[in-house]
Amino acid sequence: MRFHRLRDITAADRRGHLRWAVRVRWLAIGGFSALTLLGWRIGLLPDPWPPFVIGGAAAAVNALNHWCVERGRGLRRVTTLALTADVALITALILLTGGAHSPFVMLYVVQVVATALLVDLWIAALAAVASAVAITAALWCGLAVAAPAGAREDPAAQIVWGLFLFYCLGLLTFLGGYIAEALRRSEGDLDAAQAVLRGTRHRLREAEAQLVHAEKMRALGQFVAGIAHELNNPLGFVAANLDALRRAVAAFEAMLDAYAAAPLPAAAQAALAERGERARLAFWRAELPVVVEDCAEGVRRAADIVAALRVFARADRGETWTAVDLDARLERVLSLLRHRLGSGIVLHRERGSLPLVECLAGQLDQVFLNVLANAIDAVAGAGTIAVRTRLAPPRAVVEVADDGPGIAPELRDRLFEPFFTTKPEGQGTGLGLAVSYGIVERHGGTIAIDSPATGGTTVTIALPLRRPS
């Protein structure tokens, strides 16, 4: 439990408590003044002026207290004055209205409870001790005015005593209402704090997942960079040897043509022809160039994969940053894919008012090409593809949505892994999205894939307008 001392009374969260303390004092002054008048009329209090004078003094102190609380001025000093005045005035009131038999004794209870609830528990304890010492010392010294004879046995006096007690209990009930209201507010604040905490926990989990994913992609990038470097040299050797093999095949064909045209004896020509048939020379002469070209095509595809791996690993840094129109780049990529759209695919194009974006234009073309090609594959020749651009300062956003079957939930976490693909074997390398992720990350942007259970997929690419530092 936190105790507020007088030095903390000026805090903003304590102002409401002080307003409640002012209200309790007004209720006590007004209610007990009215009961004083009633007690005087029935003879319970022979002289009403001491209570009225003390009530006036208490009202003056509380008026000053009220003015300071509403304006937030001198709160520490006026609160100290009000608490001291409470003890002194209640003690004087009790001494002047019968001492231990005074009906105002119950004001001590109200004063201590109100101080404990609205100011501070330790200050209330100090006020209780001061009240006990003051009243005990005064009674010991015989300073109290005696109660009128027979007042306690008079039925009317008993009724007034009951009214004093009833009003005191009413004030305590009022304070109980304050406690209940404070508890309700605390519960509401706690619920709001829990809601904020749940939202914060959810965002932390998302941030943690993003950090883990980014770290995994960074580790994969380092691993892939090593693989690309190791594969690049042997591919270069194979490509160079294929060029030499082409020249050798051409030389062998020329030699075979020369042997065929040479003037040899018939027996020798027949022997060479027989040997050529056994060796299937004609077959290999026709097939060898095809085999060489097939090998060259394999080398080219391997080189393309290595190049994609190098981009994923951010190994290629020769391209320069330029400010480009993303809508124009998208139109260029779409023109390259027009032949794949066919008549069954409907393309919706929505242009936003985008400023120029600083980027590596060639690499972003590759991202757009990969994402659009995936969308075309997803609709499988019949469907709708929407390409939208919009400005979400400080980023430009490109969205590619298709109404294909979507992506299974268990596969979504693997979409950016190198060599992972949902396409049939032989139709994809599994590097398109991995490379796109690396390029967008290098630009300081984000790429996200949303695929609800109802079907369809939306790829959202957000890029900063300026080159990241």
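**Stop 1: Arg329 and Asp365.** Select these two residues in the predicted model. Their side chains meet in a salt bridge, with an N to O distance of 2.4 Å. Now colour the two helices that hold them. Arg329 sits in helix 9 (residues 326-336), while Asp365 belongs to helix 11 (residues 361-379). The partners are 36 residues apart, and the pair links distant parts of the chain. Are Arg329 and Asp365 buried or exposed? Both are buried.

**Stop 2: Arg246 and Asp243.** Move to helix 6, which covers residues 155-261. Select Arg246 and Asp243 there. Their side chains form a salt bridge at 2.7 Å, N to O. How many residues apart are they? Three, so about one helical turn separates them. Check the surface next. Arg246 is partly exposed at 28% relative accessibility. Asp243 is partly exposed too, with a relative accessible area of 38%.

**Stop 3: Arg19 and Glu70.** Go to helix 1 (residues 15-41) and helix 2 (residues 49-71). Select Arg19 in helix 1 and Glu70 in helix 2. A salt bridge joins their side chains at 3.4 Å, N to O. Arg19 counts as partly exposed, at 27% relative accessibility. Glu70 is partly exposed as well, at 39%.

**Stop 4: helix 1 against helix 2.** Keep both helices on screen and hide the rest. Their axes lie 10 Å apart, and the packing angle is about 160°. Helix 1 is therefore roughly antiparallel to helix 2. The crossing is left-handed.

Now show the side chains in the contact. From helix 1, pick residues including Leu18, Val22, Trp26, Ile29 and Leu37. From helix 2, pick residues including Phe52, Ala59, Ala63 and Val69. Arg19 and Glu70 from the previous stop are part of this contact too. What kinds of residues make up the contact of helix 1 with helix 2? Eleven are nonpolar, six are polar and four are charged.

**Last stop: the whole model.** Zoom out and show every salt bridge. The count comes to 13. The Arg329 and Asp365 pair is one of the salt bridges to find again.

Conventions. Residues numbered from 1 in each chain as written. Predicted model: local features only at pLDDT ≥ 70, side-chain atom pairs only at ≥ 80, totals over all residues. Heavy atoms only, no water. Salt bridge = Lys/Arg side-chain N within 4 Å of Asp/Glu carboxyl O. Helix = DSSP H or I, 4+ residues; strand = E, 2+ residues; numbered from the N terminus. Buried < 20%, exposed > 50% of the residue type's maximum accessible area, 1.4 Å probe, protein only. Axes fitted to C-alpha atoms, helices over the stretch in contact; angles between N-to-C directions. Parallel < 35°, antiparallel > 145°, perpendicular 65-115°, else oblique. Left-handed = near helix turned anticlockwise from the far one by under 90°. Contact = heavy atoms within 4.5 Å. Nonpolar A, V, L, I, M, F, W, Y, C, P; charged D, E, K, R; others polar.
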